[in-house]
Amino acid sequence: MQYRDDKASGNKLSALGLGCMRFPRDKAETERMILTAIDGGVNFFDTAYAYTNSEAVLGEILAKHNKREEVYIATKLPYILCKNASDFDKFFNEQLRRLQTDYIDYYFIHGISDFEGWDKLRKMGIDEWIADKRKSGKIKNIGFSHHSTCDDFLKVLNSYDWGFCMIQYNYYDENYQAGKTGLLEAAEKGIPVIIMEPLLGGRLATGLPKQAVEAFKKADPGCTPADWALRWLWNQSEVTVVLSGMSSNRIMISNLRSMDNFKPLSINDFAAYAEVVEIFKKSYKVNCTGCNYCLPCPKGINIPACFSAYNSSYAQSLITGFQQYMTSTAALTSKNPTSARLCNQCGKCEKLCPQYLPIRKDLKKVAQRFESPPLRLLWSLGRRFIFSRGGT
């Protein structure tokens, strides 16, 4: 494992961190993954109040194996739920309980989307609250995660004496949101930069077009697409921790292997990235990372799954995408499928999307692609066949 310095605290943080948003449903598998991570040298574990059951599961497993003092726990204040100053303690105390700890190593203000949101918190007294928690030792380091424009990121970054920050950053989204500019500015201030979505919700690992996969294989047959995505980040000294939202122990082992085999990138490697980005741009239509913040949809639409199918229909084939769409909408297994055309344009999803996607507009595109008259005929025939034989 490679470690990088948090100059402000003196901590040495593992270059690979475990993002805990996508824990496996099987708690035993989650336990294996966490223990494998710690054995492999991972010491940065990132969770959040909003990640369903994540804090509680992480806290339980660390306590069970007496591993709390071996790792740095990062979690997040759900600031959009805070109506007044008393809510700060309400959420924080609940997080301590879930995590079975009496302090947090790295505490984020979660998902600041604009400077006005941060300014509102300051007017509620967040500065004093942070100072009190740091003085008592309950919060060791304070930072923020960000989902907005680079200008807003820089405003928030320069408005407070932050101990660290988190941005979305990968070789496909190099200039998206805070991007490269934000990374360099934060690094110049000497604060750790934590990277989220290094694999673009898994798309850069398992969702690349075949041509892109072949381009990477040609450059280095021994590296997987996930290896390439992680290597690009680790090659930058300004990057402190790369969070991977792993969902199985197998993926954990693979990412640890990527770290073990890491070597600086060559000119030929950068040429491969450039080729892959051009291929990917032509086939990746919706920038959804599958974070699920947009759910639940009032109409029951699985929005991320619809977008995944839509992207697959361009990156792989229309048949592959259509098959995914049929599954995600329960088109053949339910008498009340939840297709994209059911969207009633309420806009609830767009208010929650950290990528600021035009979800309603994109769902119309999904419906147009997968529910054209010929495909709806196939859909109808398939349903008629299944339900004539006792489908549910």
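# Chatting through helices, a barrel and ring pairs

User: Hey, which residues of α9 meet which ones in α12?
Analyst: From α9 you have Gln211, Ala212, Ala215, Phe216 and Ala219, and they meet Ala272, Tyr273, Glu275, Val276 and Ile279 in α12. Just so you know, this is a predicted model.

User: OK. At what angle do the axes of α9 and α12 cross?
Analyst: Roughly 175°, and the axes come within 9 Å. Angles over 145 degrees count as roughly antiparallel, so α9 is roughly antiparallel to α12.

User: Let's switch to strands. Which strands make up the closed barrel?
Analyst: There are eight, running β3-β4-β5-β6-β7-β8-β9-β10, and the pairing is parallel. On average, neighbouring strands of this sheet are turned by 25° against each other, ignoring direction.

User: And how many bridges are there between β3 and β10?
Analyst: Three, with β3 (residues 16–19) and β10 (residues 241–244) pairing in the parallel sense. Leucine 16, for instance, has valine 242 in β10 as its bridge partner.

User: What about β7, is it mostly buried or exposed?
Analyst: Seven of its eight residues are buried, so β7 is largely enclosed by the rest of the structure.

User: How many bridges does β7 share with β6, then?
Analyst: Six, and β6 and β7 pair in the parallel sense. Isoleucine 112 stands opposite histidine 146 in β7.

User: And how many join β7 to β8?
Analyst: Three bridges, and those two strands run parallel as well. Phenylalanine 144 stands opposite cysteine 165 in β8.

User: Which helix lies across β7?
Analyst: Helix α5 (residues 126–136) does, running at about 140° to β7.

User: New topic: aromatic rings. How many aromatic pairs are there?
Analyst: The count comes to 26 aromatic pairs. One of them is phenylalanine 144 with tryptophan 162, a tilted pair at 4.8 Å centre to centre with 50° between the planes.

User: Where do phenylalanine 144 and tryptophan 162 sit in the chain?
Analyst: Phenylalanine 144 is in strand β7 (residues 139–146), while tryptophan 162 is in the loop between α6 (150–157) and β8 (164–168). They are 18 residues apart in sequence, so the pair ties together separate parts of the chain. Both phenylalanine 144 and tryptophan 162 are buried.

User: Why is the pair of tryptophan 228 and tyrosine 273 edge-to-face?
Analyst: Because their planes are at 80°, and over 60 degrees counts as edge-to-face. The ring centres are 5.2 Å apart. This pair links distant parts of the chain, with tryptophan 228 in helix α10 (residues 225–234) and tyrosine 273 in helix α12 (residues 267–283), 45 residues apart. Tryptophan 228 and tyrosine 273 are both buried.

User: How many residues of α10 are buried?
Analyst: 10 of the 10, so α10 is largely enclosed by the rest of the structure. Among them are Pro225, Asp227, Arg231 and Trp234.

User: Which residues form one aromatic cluster?
Analyst: Phe44, Tyr72, Tyr106, Phe108 and Phe164.

User: Last one: which charged ends sit over rings?
Analyst: One is lysine 140, with its charged end over the ring of tyrosine 103, 5.1 Å from the centre. Another is arginine 369, with its charged end over the ring of tyrosine 314, 3.8 Å from the centre.

Notes: Residues are numbered from 1 along each chain as its sequence is written. This is a predicted model: local features need pLDDT of at least 70, side-chain atom pairs count only at pLDDT 80 or more; totals for chains, interfaces and linings use all residues. Side-chain values use heavy atoms; hydrogens and water are left out. Rings of Phe, Tyr and Trp (its six-membered ring) pair if their centres lie within 6.5 Å; planes under 30 degrees apart count as stacked, over 60 as edge-to-face and the rest as tilted. Helices (H or I, at least four residues) and strands (E, at least two) are DSSP runs, numbered from the N terminus. Buried means under 20% relative accessible area, exposed over 50%, partly exposed in between (1.4 Å probe, protein chains only). A charge sits over a ring if NZ of Lys or CZ of Arg is within 6 Å of the ring centre and within 35 degrees of the ring normal. Two strands pair if DSSP finds at least two bridges between them. Axes are lines fitted to C-alpha atoms, for helices over the stretch in contact, and angles run from 0 to 180 degrees between N-to-C directions. Contact means heavy atoms within 4.5 Å. Angles under 35 degrees count as roughly parallel, over 145 as roughly antiparallel, 65 to 115 as roughly perpendicular and the rest as oblique.
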